[in-house]
Amino acid sequence: MPDLLLELFSEEIPARMQADAAETLRKLVTDALVERGLVYEGAKAFVTPRRLALAVHGLPAGQPDSHEERKGPRVGAPEGAIQGFLKAAGLESIEQAIVESDPKKGDFYLARIHRPGRPTPEVVAEIVPAIIRSFPWPKSMRWGSGSLRWVRPLQSILCTFGPETEEPEVVPFEVDGIASGAVTQGHRFLAPGAIRVRRLEDWMAKLETAFVVADRERRKDIILADAKDLALAQGLELVEDAGLLDEICGLVEWPVVLMGTFDESFLDVPDEVIRATIRANQKCFVLKDPASGRLANRFILVSNLKASDGGKAIIAGNERVIRARLSDAKFFWDTDRRTNATVPLAERLEKFANVTFHEKLGSQFERIERIAALAETLAPLVGADAKLAREAALYAKSDLRTEVVGEFPEVQGLMGKYYARLEGLPEEIALAAEEHYKPQGPSDRVPTAPVSVAVALADKLDTLVGFWSIDEKPTGSKDPYALRRAALGVVRLVLENGLRLRLAEIVEPELLTFFADRLKVHLREQGARHDLVDAVFALPGQDDILLIVKRVEALGRFLATDDGRTLLAGYKRAANILRIEEKKDGVSYAGGVDLVLLHEPEERALAEAIAKVGEPIEKALEAEDFEAAMAEMAKLRAPVDAFFDKVTVNAPDPALRANRLRLLADIRTATRAIADFDRIEG
């Protein structure tokens, strides 16, 4: 079956846009083909700095024929209705329609429409220009006198279609004066001439000869493998960086990996600052000495040129820039060390009084004071020394006014740890300075040192309470103050450190609901059933995150047993009957079972069982022994089964019926000590 090859060649596409653009092109084109009846076998997108391409394999030569029946107006309808029907059906006269009979509506016109399928190139020539003109780039531009918007000036379009055994044809179309063809270009400097290609294999092979690796993943593999080999040759290890690798891959079409050096004196600067400097300014990888665990005075750069001098001039140019950048970093580091050695912490904190945290929430200094007070309060709950927690909170953000963090914001917190150690502060304070921002995402580690935990919790809770108080809450996908991340951070700090924290004593009910939503998301990601989470949260007073999770886990284990499954089924039956009868009668049957009216042995046995388990369940819950509470609940399985097997709830006698409905309501009440079984699926 024929294949389609499409390439959109332009000036350099920003690296951050390339991967999404390739996937978008694949989806837009293949969806449009399928919508028009052109089903394909496979599709793969390609992207380099200067081209966006797509290969679609196994397309049919043309669309299938279509047959449609369109019902028209009744025979004898007004002329206007007849003409509208003819126009919609594509008929020239009413004689081309047939007449069908309907026993109820009489005779009516029917058009049987046959549409022959169009050749695939014709369909492609229709859909591709429309996709190009409406392509959803995050940012786009116009150039010259044309109206087309593209990420960078579009220079040529390659579009061919045909089977492997034949010469493919060019799919003819034009976009803003650019006609499609079968020509592409190689590397801008190493092979700048035009290249005529036929299909995917030919395109990839000729581009490779012209110093272009079209496959993004292959470019990444080349960079990573060559970088590791160069490092190994020097007895060093590459410090891998997936984000940087993605970015560099989007900057080169022909990756050439080289190694440079910098003066060993710069190794006096913290490793993280060196890495941030080299990464941010030169997009280079750093190397580590496996013997010491520290960075080596080497770096890996990736060129887009195969230079005649082996890359010596390129390396020298990068070394000059990195030397200048590291000189700046060393100056900032040395300045901060001198400042911290001579200026007391209290004086440094005063500088935050002039920095606004938020116009409605005061200065950074006021926020730091709030965090310190809250950390001191939380300290006993997390096993931390209250005085040390307060001191750590006061110190934790002091590095924000340092020279290094001003230049490299990504090392905030980490530099606080270095400065604290230089000042001879307790290690708990140094760790808290680094760790109080954590966890910053689902894969980030959670602090375990008690002082760090106290400050981290205080920092996140102050953020949440503050922004909630001024009605700055997440809406839809918008969360400018990262409040969802802060709430999830609190959840993970509590759960992974096994903390008992009553959130209702700290936050307002609406914010408590927000925590509940974040906990649900977290538990679902961990594999917990969403309905069990909802069932536990539906109970009143659920503000202890750790206990909520333990209850959910115990409930899940209980419902996995035969007793649990059977009791749930019995509960559902009881709840359904109650819901129907209470709605019909307009009353609630909760409570007040009359023991005298319990005529059948099965209903007496059920009433006795409910009465017996009530106190043990309550005591087990008070002791936070959820397994024991579930075990007591399991004792209701047999009497509930027997009741529904032998007893008619809707008895003819109204008093007997009402009493049995109250007995069902007691089942509902008993189970709600554990969870809201109405919310459990099954």
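This is a predicted model: local features need pLDDT of at least 70, side-chain atom pairs count only at pLDDT 80 or more; totals for chains, interfaces and linings use all residues.
**Group meeting talk: cysteines, salt bridges and helix packing**

Let me start with Cys159, which is buried at a relative accessible area of 0%, where buried means under 20% relative accessible area, exposed means over 50%, and partly exposed lies in between, computed with a 1.4 Å probe on protein chains only. Cys249 is in no disulfide, and the nearest cysteine sulfur, that of Cys284, is 16 Å away, while a disulfide is taken as a pair of cysteine sulfur atoms within 2.5 Å. Cys249 also counts as buried, at 0% relative accessibility, and a search of the whole structure finds 0 disulfides.

Residues are numbered from 1 along each chain as its sequence is written, and side-chain values use heavy atoms, with hydrogens and water left out.

Now to the salt bridges, of which the structure holds 65, each being a side-chain nitrogen of Lys or Arg within 4 Å of a carboxyl oxygen of Asp or Glu. One of them joins the side chains of Lys44 and Asp215, at 2.7 Å from N to O. Lys44 lies in strand E2 (residues 42–48) and Asp215 in the loop between helix H4 (200–209) and helix H5 (216–233), so this pair ties together parts that are 171 residues apart in sequence; helices (H or I, at least four residues) and strands (E, at least two) are DSSP runs, numbered from the N terminus. Lys44 counts as partly exposed at 38% relative accessibility, whereas Asp215 is buried, with a relative accessible area of 14%.

A salt bridge also forms between Glu253 and Arg51, whose closest N and O atoms are 3.2 Å apart. The pair links distant parts of the chain, with Glu253 in the loop between helix H6 (242–249) and strand E14 (256–261) and Arg51 in strand E3 (residues 51–57), 202 residues apart. Both Glu253 and Arg51 are buried.

Turning to Asp563 and Arg637, their side chains meet in a salt bridge of 2.7 Å, N to O. This pair links helix H20, which holds Asp563, with helix H23, which holds Arg637, across 74 residues. Asp563 is partly exposed at 31% relative accessibility, and Arg637 is partly exposed at 26%.

Those two helices come up again around helix H22 (residues 626–634), where Phe626, Ala629, Met630, Glu632, Met633 and Ala634 are buried. What covers these buried residues includes helix H20 (562–585) and helix H23 (637–646), along with helix H19 (545–559), helix H21 (601–622) and helix H24 (654–671).

My last topic is a helix pair: how do helix H15 (residues 450–469) and helix H16 (residues 483–496) pack? They pack at an angle of about 145°, with their axes 9 Å apart, the axes being lines fitted to C-alpha atoms, for helices over the stretch in contact, and the angles running from 0 to 180 degrees between N-to-C directions. The contact (heavy atoms within 4.5 Å) is made by residues including Val453, Leu457, Phe467 and Trp468 of H15 and Leu483, Gly489, Val490 and Leu493 of H16. The residues of this contact divide into 13 nonpolar, 2 polar and 1 charged, where Ala, Val, Leu, Ile, Met, Phe, Trp, Tyr, Cys and Pro count as nonpolar, Asp, Glu, Lys and Arg as charged, and the others, Gly among them, as polar.
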